[in-house]
Amino acid sequence: MSRRIHRRSLSAVPVVPSRDAASERQGPGVGGAPCAGVACRALLAAAALALAACSALPDKPQRSISYDFGPGPLAPAATASASTAALPPITLADLDTAASRLEGTALNYRLGYEDAQALRPYATARWTQPPLQLFRQRLRDALAEHRTVLGTLEAGNLAREGRSSEVLRISLDEFSHYFASPTASSGLVRVRATLLSLSPTGERVLGQRVFVVQRPAATADAAGGAKALASASDEVVADMVRWVNSRR
């Protein structure tokens, strides 16, 4: 009797499945370590592809910087003296940009130590206007501190009235950031000025002069070149005004 009860007790004990069997019933990816490894490898591969795609994108283009000669005088000019107040009006001739090789707005440089004949433009730097126009504006402001500056139309009216007037014509022959060596550079400006007397009978040359000025650049880049060229231009303008005012 006791033996039969013992057998029934053993048959009532639940059978616990092994770990392998439980994994098989649960199916793939549910609590299975091998499936988790596959998912990690897939994520890593996707991340690698994303990084490769980002590195293949082109770099953001650099924005071009525009330069001029600066704000100019920050205070009104001093009152003209009696000698300069008696100076006759002068006409600043119109620009013939078509005949100039510097009619564009490129900020140019020359490598004098390598090939001084090659005029190269900076890729990400330009002038706000052609250099000849920037120079003319500076010159007109400087002349106006000593005498009246007329336009070509006003000069023509004076000639038709039988009155003579002086005319100043300028030609910008060189305007570049000149590198004497990789570390030494300057702003190089060369301007030809012709002073004429305009009368009803025609034009008469009063004088002609070439102005050449170099100003050292603080840095060997576009910013340093622009600042040196503006400084050299101001020096040429000052020399030219003194020369014009002395031709009496």
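Hi everyone, and thanks for coming. Before we start, please keep in mind that this is a predicted model, where local features need pLDDT of at least 70 and side-chain atom pairs count only at pLDDT 80 or more, while totals for chains, interfaces and linings use all residues. Residues are numbered from 1 along each chain as its sequence is written, and side-chain values use heavy atoms, with hydrogens and water left out.

Let's begin with the whole chain. There are seven helices and eight strands. Here helices (H or I, at least four residues) and strands (E, at least two) are DSSP runs, numbered from the N terminus. How many of the 248 residues count as buried? The share is 32%, where buried means under 20% relative accessible area, exposed means over 50%, and partly exposed is in between, using a 1.4 Å probe and protein chains only. Now for contacts, meaning heavy atoms within 4.5 Å. Taking contacts between residues at least 6 apart in sequence, 68% join residues at least 24 apart.

Next, the strands, starting with β7. Strand β7 covers residues 185-199, and 13 of its 15 residues are buried, so β7 is largely enclosed by the rest of the structure. Which strands pair with β7? On one side of the story is β6, which pairs with β7 in the antiparallel sense over 14 bridges. Two strands count as paired if DSSP finds at least two bridges between them. The β6 and β7 strands form a hairpin with five residues between them, and F175 stands opposite V189 in β7. The other partner is β8, residues 202-216, which runs antiparallel to β7 and is joined to it by 14 bridges. The hairpin from β7 to β8 goes through two residues.

One is S197, whose bridge partner in β8 is R204. S197 counts as buried because its relative accessibility is 14%. Leaving out residues up to four places away in sequence, S197 touches S164, S165, G202, E203, R204 and L206.

The other is L188, which also lies in β7. Its relative accessible area is 12%, so L188 is buried. With residues up to four places away in sequence again left out, L188 touches E174, F175, S176, Y178, V212, V213, Q214 and L229. L188 and S231 are 43 residues apart along the chain, and their C-alpha atoms are separated by 9.9 Å.

Let's move to β3, residues 106-111, where five of the six residues are buried. What are the partners of β3? With β4, residues 115-127, β3 pairs in the antiparallel sense over four bridges, and a hairpin of three residues joins β3 to β4. With β6, residues 165-179, β3 runs parallel, and three bridges join the two. Y109, for example, stands opposite H177 in β6.

N108 is buried because its relative accessible area is 13%, and N108 stands opposite P121 in β4. Not counting residues up to four places away in sequence, N108 touches L102, L119, R120, P121, S176 and H177.

A quick look at β2, residues 90-92, takes us to T91. Is T91 buried or exposed? T91 counts as buried, because its relative accessibility is 1%. The C-alpha atoms of T91 and T152 are separated by 6.4 Å, although these residues are 61 apart along the chain.

Last, a pair of helices. Helix α5, residues 131-144, packs against helix α7, residues 222-246, at an angle of about 40 degrees, with their axes 10 Å apart. Axes are lines fitted to C-alpha atoms, for helices over the stretch in contact, and angles run from 0 to 180 degrees between N-to-C directions. That angle makes α5 oblique to α7, as angles under 35 degrees count as roughly parallel, over 145 as roughly antiparallel, 65 to 115 as roughly perpendicular and the rest as oblique. The contact is made by F135, R138, L139, A142 and L143 of α5 together with S233, D234, V236, V237, M240 and V241 of α7.

That's my tour, and I'm happy to take questions.
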